Amino acid sequence: MYILEIQETLKKAGYDPGPLDDIAGPQTLAAITAFQTDHGLEADGMVGPMTHQALFQDTNPVVQPGDQLTHHFNRQEFRCCCEGRFCNGFPNEMNPVLMASLEALRQTLDVPIIVTSGIRCPSRNAEVGGIPNSKHLIGHAVDCYAPGLDVYTLAAAARNHNLGVIIYEDQGFCHLEI
Ligand SMILES: [Zn+2]
């Protein structure tokens, strides 16, 4: 998973790591080396602490200004999933308190957290069977999963970060809310 994150970040930063296949092949190593050269780092193709920091924190903005809500989460990940049919994607914004907890959870677990539903407009909320006063409407809830991690482990960790949790075991995700 980590190699994949590196590949995705390299690509967003304008480098060509080859296929996003989670394998540190020659193209990925070449992209890392090129990135290191451009950033005045030792060009050894290894993502040590310095390169990691440059890649994940100090690169030129790889997203629109203001879109990086936390170190690991981008605003676009929380866009309403109506695909523009009912809203412009952001009838509301994600709550900063929820985002802080989600980021802390992400760092505790140290695995990616995939958002399946963040903000919802009322029409989309109704369409997916959300309750009328769903916390998704106001950015106080997120549905997510962590690949390779069962929902109970995710849920337990989320509770430790003061998040309310509803486990959707059948569908393999957790609803987290403040
Ligand atoms: Zn919508």
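This is a predicted model: local features need pLDDT of at least 70, side-chain atom pairs count only at pLDDT 80 or more; totals for chains, interfaces and linings use all residues.
Biologist: OK, metal. Which residues are the protein donors of the zinc ion?

Modeller: Cys 80, Cys 82, Cys 87 and Cys 121, each through SG, at 2.2 to 2.4 Å from the zinc ion. Donors here are N, O and S atoms within 2.8 Å of the metal (3.2 Å for Na, K and Ca), and water is not among the atoms, so sites may look incomplete.

Biologist: And why is the arrangement tetrahedral?

Modeller: Because the 4 donor atoms subtend angles of 102 to 119 degrees around the zinc ion. Four donors count as tetrahedral if all angles lie between 85 and 135 degrees.

Biologist: How are those donor residues spaced in sequence?

Modeller: The pattern is C-x1-C-x4-C-x33-C. Helices (H or I, at least four residues) and strands (E, at least two) are DSSP runs, numbered from the N terminus.

Biologist: Are Cys 87 and Cys 121 buried or exposed?

Modeller: Both Cys 87 and Cys 121 are buried.

Biologist: Switching to charges. How many salt bridges does the structure hold?

Modeller: There are 7, a salt bridge being a side-chain nitrogen of Lys or Arg within 4 Å of a carboxyl oxygen of Asp or Glu. One of them pairs Glu 127 with Arg 85, with the closest N and O atoms 2.8 Å apart. That pair links distant parts of the chain, 42 residues apart: Glu 127 is in helix H5 (residues 122-127), and Arg 85 in the loop between helix H3 (49-56) and helix H4 (96-109). Glu 127 is partly exposed at 41%, and Arg 85 is partly exposed too, at 48%.

Biologist: What is the N to O distance in the salt bridge between Arg 124 and Glu 127?

Modeller: It's 2.6 Å. Arg 124 and Glu 127 are separated by about one helical turn, because they sit 3 residues apart in helix H5. Arg 124 is buried, at 17% relative accessible area. Elsewhere, salt bridges with shared partners tie Asp 67, Arg 75 and Glu 93 into one network.

Biologist: How far apart are the closest N and O atoms of Arg 75 and Asp 67?

Modeller: 3.6 Å. Arg 75 is buried at 19%, and Asp 67 is buried at 8%.

Biologist: What does UniProt place at residues 72-176?

Modeller: The unreviewed entry has "domain: Peptidase M15A C-terminal" there. UniProt positions follow the numbering used here, feature names are shortened, and annotations may be inferred rather than shown by experiment. The span is 29% helix and 17% strand, with its end C-alpha atoms 17 Å apart.

Biologist: And which residues go with "domain: Peptidoglycan binding-like"?

Modeller: Residues 4-55, again from an unreviewed UniProt entry. That stretch is 56% helix and 0% strand, and its end C-alpha atoms lie 13 Å apart.

Biologist: Now strands. How many bridges join E3 to strand E4?

Modeller: 5, and the two run antiparallel, with E4 covering residues 173-177. Strands pair if DSSP finds at least two bridges between them. Val 165 has Leu 176 in E4 as its bridge partner. E3 and E4 form a hairpin with 4 residues between them, and Gly 172 in the turn has a positive phi of about 70 degrees.

Biologist: What does Ile 167 touch?

Modeller: Leaving out residues up to four places away in sequence, Ile 167 touches Val 151, Tyr 152, Ala 155, Arg 159, Phe 173 and Cys 174, where contact means heavy atoms within 4.5 Å. Ile 167 is in strand E3 (residues 164-168) and is partly exposed, at 27% relative accessibility.

Methods:
Residues are numbered from 1 along each chain as its sequence is written. Side-chain values use heavy atoms; hydrogens and water are left out. Buried means under 20% relative accessible area, exposed over 50%, partly exposed in between (1.4 Å probe, protein chains only). Four donors count as tetrahedral if all angles lie between 85 and 135 degrees; four count as square planar and six as octahedral if opposite donors are over 155 degrees apart and all others between 65 and 115; anything else is irregular.
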